[in-house]
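Biologist: Could we go through this model together? I would like to begin with the strands and then turn to other parts.

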Amino acid sequence: MTRGEKWAVGALGALAAITVSWWALALWPVPTGAPAWLERTRQVCFGSTPSGLPDAGGWLLLVGQPTSMLVAMFVIWGDALAGGLRALARSLPGRVGLAATLLLLLTGTVGAGVRVASAQPDAIILDDPALPPETYPRLDREAPTLALVDQRGDVITLARFAGRTVLVTFAFGHCETICPVVLHIAEQWGLEEDDFLLSGSVAAVESVLDDWNVARERDERTGDVSHPALVYILDETGRIAYASTGDPQTMVALALRL
């Protein structure tokens with residue numbers, strides 16, 4: 001196996017391991033008494049529904065991101081991957097490793113299917129199914145700095161909204177899924193005085209995205225950006241109270257709890 005084939009096969013193995021870890025984090029039932037950070041991590045990364053499963057944005061991340069990375073690997077390292085896999089298949093240890101990996105992925109797929117099938121939406125009874133549960137995790141952490149230019153040319157910081165509830169989300173001009181919908185809705189609604197679309201130089205925007213821990217992945221061939229449809233809800237003191245990938249009704253319900 002050449003060095004390039006080793007790198008390609010290693011990257012494929014790392015992608016498989018990360019994908020399994022992601023799905024386990026999103027779907028493995030959280031036992032009673034589990035650390036609070038675990039539930040918060042699941043909520044922020046994958047969202048939540050009354051059944052305990054990820055919401056639509058979470059499923060988009062779980063399925064779309066590994067798939068896009070796998071496609072990118074075969075586009076970039078197609079020959080190296082094929083050669084590396086053939087080399088593994090020619091040796092007994094390699095065949096055992098491939099079989100173990102396939103068995104792990106198959107077991108995980110079956111386990112995910114069982115978890116989804118066993119999650120009954122009506123297992124949790126709410127007064128209003130549109131509302132998030134009372135156990136919805138509150139983050140209560142300080143918001144990162146933000147200083148970008150709005151549609152009127154003014155520099156906007158969070159200090160402008162002191163004493164008010166604020167919703168902060170992020171969109172990308174080259175995103176073909178969530179973002180164009182958000183931007184199109186903004187155009188159709190028309191922006192009110194307290195609605196702000198912020199932007200700036202590439203360096204300034206990237207810095208803000210990093211500070212707010214906005215996960216994103218850019219496809220260099222198409223320019224499309226994959227990312228979760230995450231909304232941060234800030235309380236009147238400027239701290240992040242909630243993070244959600246839910247629908248507008250969820251956002252409103254969480255904001256009203258502040």
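**Strands, loops and a helix**

Modeller: Let us begin with Glu-142, which is found in strand 1. Please note that this is a predicted model.

Biologist: Is Glu-142 buried or exposed?

Modeller: Glu-142 counts as exposed, because its relative accessibility is 62% and the cut-off for exposed is over 50%.

Biologist: Which residues is Glu-142 in contact with, leaving aside its neighbours within four places in sequence?

Modeller: On that basis, Glu-142 is in contact with Arg-239 and Ile-240.

Biologist: How do strand 1 and strand 8 pair?

Modeller: Strand 1, residues 141-142, pairs with strand 8 in the antiparallel sense, over two bridges. Arg-141 stands opposite Ile-240 of strand 8.

Biologist: In what order do the strands form the sheet?

Modeller: The sheet is open and has four strands, in the order 1-8-7-4, with antiparallel pairing. Strand 1 and strand 4 (166-169) stand at the edges with a single partner strand each, so one side of each has no neighbour in the sheet.

Biologist: Why is strand 8 described as largely enclosed?

Modeller: Strand 8 covers residues 239-244, and five of its six residues are buried, so the rest of the structure largely encloses this strand.

Biologist: How many bridges join strand 7 to strand 8?

Modeller: Four bridges join strand 7 (residues 231-234) to strand 8, and the two run antiparallel. Within strand 8, Ile-240 is the bridge partner of Leu-234, and Tyr-242 is the bridge partner of Ile-233. The two strands form a hairpin with four residues between them. In the turn, Gly-238 has a positive phi of about 90°.

Biologist: And which way do the residues of strand 7 point?

Modeller: Val-231 and Ile-233 point one way from strand 7, while Tyr-232 and Leu-234 point the other way. All of these are buried.

Biologist: What about strand 4 and strand 7, how do they pair?

Modeller: They pair in the antiparallel sense over four bridges. In strand 7, Tyr-232 is the bridge partner of Val-168.

Biologist: Changing topic to the loops: which residue between helix 4 and strand 1 deserves a mention?

Modeller: Asp-140 is found in that loop, and helix 4 spans 92-118. Phi of Asp-140 is near 50°, a positive value in a residue other than glycine. Most residues other than glycine have a negative phi. Asp-140 is partly exposed, with a relative accessible area of 41%.

Biologist: Where does Asn-213 lie?

Modeller: Asn-213 lies in the loop between helix 6 (202-211) and strand 5 (217-218). Asn-213 is not a glycine, yet it has a positive phi of about 55°. At 60% relative accessibility, Asn-213 counts as exposed.

Biologist: Now helix 1: what span should its 25 residues have?

Modeller: At 1.5 Å a residue, helix 1 (residues 3-27) should span 36 Å. Its end C-alpha atoms are 36 Å apart, which agrees with that expectation.

Biologist: Which residues of helix 1 are buried, and what covers them?

Modeller: The buried residues include Ala-8, Leu-12, Leu-15 and Thr-19. An α-helix has 3.6 residues a turn, so residues three or four places apart point the same way. The cover over the buried residues of helix 1 includes helix 2 (36-46), helix 3 (56-89) and helix 4.

Definitions and conventions
Residues are numbered from 1 along each chain as its sequence is written. This is a predicted model: local features need pLDDT of at least 70, side-chain atom pairs count only at pLDDT 80 or more; totals for chains, interfaces and linings use all residues. Side-chain values use heavy atoms; hydrogens and water are left out. Buried means under 20% relative accessible area, exposed over 50%, partly exposed in between (1.4 Å probe, protein chains only). Two strands pair if DSSP finds at least two bridges between them. Contact means heavy atoms within 4.5 Å. The expected span of a helix is 1.5 Å times one less than its number of residues.
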